[in-house]
Each structure stands twice: as structure tokens, then as C-alpha cells.
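Subject: Structure handover

Hello,

I am passing this structure on to you. Please look it over first; my notes on what was found follow below it.

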Amino acid sequence: IIWVPWRIQQHFKTQGIGGPGYRPISGNVGELQRMYAEAQSKSMGGLQHDILHRVLPYYSRWSGAYGKTFIWWVGTKPRLALADPEPIKEVFLNTGVSYDKVGFSPLTRPLFGDGLGGLNGEKWALHRRITNQAFNMERVKHGEEEKLTVQEVIDECKTFYFAGKETTGNLLTWALVLLAMHQEWQTKAREEVVQVYGHTMSPSADNLRELKIVGMIINETLRLYPPTQTMSRVSTKNVMLGRVDVPAGTEIYSAMIGVHHDTQIWGEDANEFNPLRFKEPRNQLGSFFPFGLGPRICIGQNFAMMEAKIVLAMIIQQYSFVLSPTYVHAPTQILTLQPQYGAHILFTRI
Ligand code: HEM
């Protein structure tokens, strides 16, 4: 409770990595909870997209005070925050045995079951091989000698339901809010949808590639309002991460939303909604990763993008919409990124 955390803290300090300082037993959890409560008590006060200080107030404050790489404490467990693309790639692209996924908490386990997202090692590899096939129609016909038990199938269903529904639902919610705020992009997107499907044909999986503007809008929504804001791993042994010596058992934490809003990566207008950023393909590994990266990248990524494009195209084709005067801009993290007081949007049938 005292000696080990102090020693670990010193270990990082000698390498130039500071942080808010360990407090016995609870670590920094008390400060963190106070900052959340304070952030949630006020709305954004406008329609701006500079939301980091409200969504992850502790991360915003501590990264401002100690730099992008810092350490803080959840109880007696150290957490190392990373926000530079290089170390992020090193951790999340790692295919060896140096980093494990952090398992579900007692609060989230009932939602996800013992599904893919919380497994590690051989059990994860087996589940990933089998469930992958559900997302690849060609392979559904083959991959018979490997099977999951009924309980394992139930757990994966829970995972797919929760990991798939909350995330995609919130992505669509924010895309609609953003298009209601930025009417010029709503008009551009509608022109494109009508050009591809006409006024009456229902958008389907066919021709989705032609929805370039809709795709850019979805990417820009995922950048500014990523449904998942953070990802973590735990080091299973002492590892060198770049020049940092990381002891076994350190939780490595990447505030994806911080990286997505970083002006050093995205430019001075990082907090502006500008889908044109995604017009040309760019190398964004480690700087844009709403679906994660590496071997544990989201298994439902293609499915989610297809679903989001079709649903958004259907809505844009049939309705024009504006923000209701009752809408209060207050993004908040309740597992996924949600509008704290709902997304009040007024729709008019075209
Ligand atoms: C916009 C929609 C979605 C977003 C933003 C999203 C985001 C993510 C992210 C960031 C991860 C990586 C977590 C990590 O490495 O720690 C992940 C993993 C995962 N996602 Fe998604 N997801 C979405 C939709 C879906 C859908 C539709 C499904 C299934 C139907 C799904 C199932 C999963 C599963 C099972 C994992 C764990 C994969 C593994 O550990 O091997 N997700 N997702």
C-alpha cells in the first residue's frame, strides 16, 4: 500500500515521467471522481467540439500539467497514459505476449459476459478465429472442427449485442447532431445520396463505396466523438516501451479521444468539424483509431461502417433536420460517449 507504489512512482520519476502523485489505498480515484462530477454539472455552454475537458476531465487536466505521458493511480495500481502515436502503435500492434487486455470490471462483466473483448491468450485466439467467421460470409461455409460451447456462444452474443449496439447507436446519434449543426454538410451528403440512390430507392449495401461524402462525415464523427474514448492493456512482464522502462503489472492507457483532438497531430483546427480531412487517404495508424488497432482491432468494424452508412443515408434521403432549441450540448462518458441530456433534433419529411 505504501512502499511498492512509492517505489514504482520513483522508478517512473527517474525516467522523467511525473503525475498527480500516489495517495495511499485509493490512489487518485477521489480526485478523478470529483473532476467528473464537476464537469458533468455544467454543459459545454455552446456548440463547440472541444470536448476533452468535459468527457475526460482528469486526463485533460493531468496531461496539461504533466505532459502527454504521465502516471496516475487507481487504488494501488499504476496507470501509464500514452498519447503519442509511436508508443501507442508499439503497445497495440504488439502480437507477442508483452501486453494483455484488461479484463472486464464486476460492473461491465454482466453486460459483455465472458466474451471476446475480455479474454486473453489461447482462449481469446480460439474465440477470435471462430467469431471472425460470423463477419465473413465466405468463411461461414467452412472453419467445423473448432466449436464453442453453448455458454461461450451466449457470452459472445452478449458481447456482440453490447459492443455492437451501444457503439453504432452513439456514432449515428453524434453524426445526426453534427449534421444538424453543420447544415452545409447535410446538404452535400443529401445531394450525394440522391445522386447514388435517387429519391425513392432505399439505400442498401450495393453502391456504398460511392457514398464518399457520407463516409468522410462518419470518419470525422468518429474522430471528434469516438464511441469508445480509451483503450488499455496491462504489461505482463517488464518491457521497454521506446525509452521507458515499464514494470510488469502497469496498466497502459491510451486516451484515444485526446489523440483525436490533438492539435499537434490534426492542426490548429483539430476541434473543428471538417470531413475534408478524410478526403484523401492518409497514414493515420496511431493517430486515428476509433476501432482500435492491431490484433484486437474491432471485429465488427466493417459491419458497423456498413450499417452506419446505410442508416445515415436512409435518414438523410428522407428527412431534413435541425437542432431543437431545447438541445443542450453536453457530451459525457457512460461507457460509450453519449449526449448527457439526449439528442433533441427536429426532423421534417422531405
Ligand atoms: C461504431 C461502432 C464501433 C466502435 C467505435 C467500436 C470500437 C471498438 C474498439 C475501439 C475496440 C478495441 C478495444 C481494444 O482494443 O481494447 C473494439 C473491439 C471489439 N468490438 Fe467493436 N466497435 C464498434 C462496433 C462493433 C460491432 C458492430 C461489434 C459486433 C457486432 C463489435 C464487437 C467488438 C468485439 C467483439 C471487440 C473485441 C475484439 C477482440 O478483443 O478481439 N464492435 N471495438
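**Notes on the model**

C157 counts as exposed, because it has 12 C-beta neighbours inside 10 Å. The terms used here are set as follows: a residue is buried if 20 or more other C-beta atoms lie within 10 Å of its own, exposed if 12 or fewer, and partly exposed in between, with C-beta atoms placed from the backbone. C157 is found in helix α9. Its C-alpha atom is separated by 33 Å from that of Q318, and C157 and Q318 are 161 residues apart along the chain.

Two points on reading these notes. This is a predicted model, in which local features need pLDDT of at least 70 and side-chain atom pairs count only at pLDDT 80 or more, while totals for chains, interfaces and linings use all residues. Residues are numbered from 1 along each chain as its sequence is written.

**The chain as a whole**

The protein chain has 14 helices and 11 strands in its secondary structure. Helices (H or I, at least four residues) and strands (E, at least two) are DSSP runs, numbered from the N terminus. The radius of gyration of the protein chain is 21 Å, close to the 20 Å that the globule rule gives for 350 residues, so the chain is as compact as a globular protein of that length. That radius is taken over C-alpha atoms, and the globule rule is 2.2 Å times the number of residues to the power 0.38. The C-alpha trace spans about 70 × 55 × 35 Å along its principal axes. Of the 350 residues, 34% count as buried.

**The five-stranded sheet**

Five strands make an open sheet in the order β1-β2-β7-β4-β3, and the pairing is mixed. At the edges stand β1 (70-74) and β3 (99-101), each with a single partner strand, so one side of each is left without a neighbour in the sheet. On average, neighbouring strands of this sheet are turned by 35 degrees against each other, direction ignored. For such angles, axes are lines fitted to C-alpha atoms (for helices over the stretch in contact), and angles run from 0 to 180 degrees between N-to-C directions. Two strands pair if DSSP finds at least two bridges between them.

Taking the pairs in sheet order:

- β1 and β2 pair in the antiparallel sense over five bridges, and I71 stands opposite L80 in β2. The two strands form a hairpin with two residues between them, and G75 in the turn has a positive phi of about 60 degrees.
- β2 (residues 77-82) and β7 (residues 251-254) pair in the parallel sense over four bridges. Here L80 stands opposite I252 in β7.
- β4 (residues 231-235) and β7 run antiparallel and are joined by four bridges. M231 stands opposite S254 in β7.
- β3 and β4 run antiparallel and are joined by three bridges. D100 stands opposite V234 in β4.

**Helix α4**

Which residues of helix α4 (residues 57-66) are buried? They are Y58, Y59, S60 and W62. The buried residues of α4 pack against α2 (29-40), α3 (52-55), β1, β2 and α12 (256-260).

**The loop at G118**

G118 is found in the loop between α6 (109-112) and α7 (121-132). With 18 C-beta neighbours inside 10 Å, G118 counts as partly exposed. Leaving aside its neighbours within four places in sequence, G118 is in contact (C-beta atoms, placed from the backbone, within 7 Å) with K101, G103, F104 and F112. The C-alpha atoms of G118 and S105 are separated by 9.4 Å, and these residues are 13 apart along the chain.

**The ligand**

The ligand is surrounded by 23 residues, of which the closest are G164, T167, G292, C298 and G300. The elements that give two or more residues to this shell are α9 (150-181) and α14 (301-318). The most comes from α9, with seven residues. By class, the shell has 12 nonpolar, eight polar and three charged residues. Ala, Val, Leu, Ile, Met, Phe, Trp, Tyr, Cys and Pro count as nonpolar, Asp, Glu, Lys and Arg as charged, and the others, Gly among them, as polar.

Regards

How values were computed
Near = placed C-beta within 6 Å. Contact = placed C-beta atoms within 7 Å.
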